[in-house]
Amino acid sequence: MADTTRITVTLPTEQVAELRKLTDNVSGYVAEAVARQLRHELLGADLLRHQEEYGAFTDEELAEARSRILSGTDAGGSQNAA
């Protein structure tokens, strides 16, 4: 089991009500949302560093990336586990 730390988070009452409609595991739901946001921010930083080093992505590179993201395959063509 992964190490955990208990924290207190304050959310708007309306969000908590909607959250409780979606899941019985609020901690798990919030942990996944935080993990997703962290991945998003880290990927953005990596992409920015890449562009600073190699220049802007071409339209073709962006189209290929979008295609791979939408199809759920990685650069080698295998399915990503979600």
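User: Where does Thr 23 lie?

Analyst: Thr 23 sits in the loop between α1 and α2. The model is predicted: local features need pLDDT of at least 70, side-chain atom pairs count only at pLDDT 80 or more, and totals for chains, interfaces and linings use all residues. Residues are numbered from 1 along each chain as its sequence is written, and side-chain values use heavy atoms, without hydrogens and water.

User: Is Thr 23 buried or exposed?

Analyst: Thr 23 counts as buried, because its relative accessibility is 17% (buried is under 20%, exposed over 50%, partly exposed in between, with a 1.4 Å probe and protein chains only). Across the chain, buried residues make up 4% of the 82 residues.

User: What polar atom lies 2.9 Å from the Thr 23 side chain?

Analyst: The backbone nitrogen of Asn 25 lies 2.9 Å from a polar atom of that side chain.

User: Which secondary structure does the chain hold?

Analyst: Three helices and zero strands (DSSP runs numbered from the N terminus: helices are H or I, at least four residues; strands are E, at least two). The pattern along the sequence is α-α-α.

User: How do I read the packing of α1 and α2?

Analyst: Two packed helices are described by an angle and a distance between their axes. Here α1 (residues 13-22) and α2 (residues 26-54) pack at about 105°, axes 10 Å apart. The axes are lines fitted to C-alpha atoms over the stretch in contact; angles run from 0 to 180 degrees between N-to-C directions. The two helices are therefore roughly perpendicular (65 to 115 degrees).

User: Which residues of α1 and α2 meet?

Analyst: Leu 19, Arg 20 and Leu 22 of α1 meet Val 26, Tyr 29 and Val 30 of α2 (heavy atoms within 4.5 Å). By class, this contact has five nonpolar residues, one charged and no polar.

Terms used: Parallel < 35°, antiparallel > 145°, perpendicular 65-115°, else oblique. Nonpolar A, V, L, I, M, F, W, Y, C, P; charged D, E, K, R; others polar. Polar contact = N/O pair within 3.5 Å; in protein donor to acceptor, adjacent residues only side chain to side chain.
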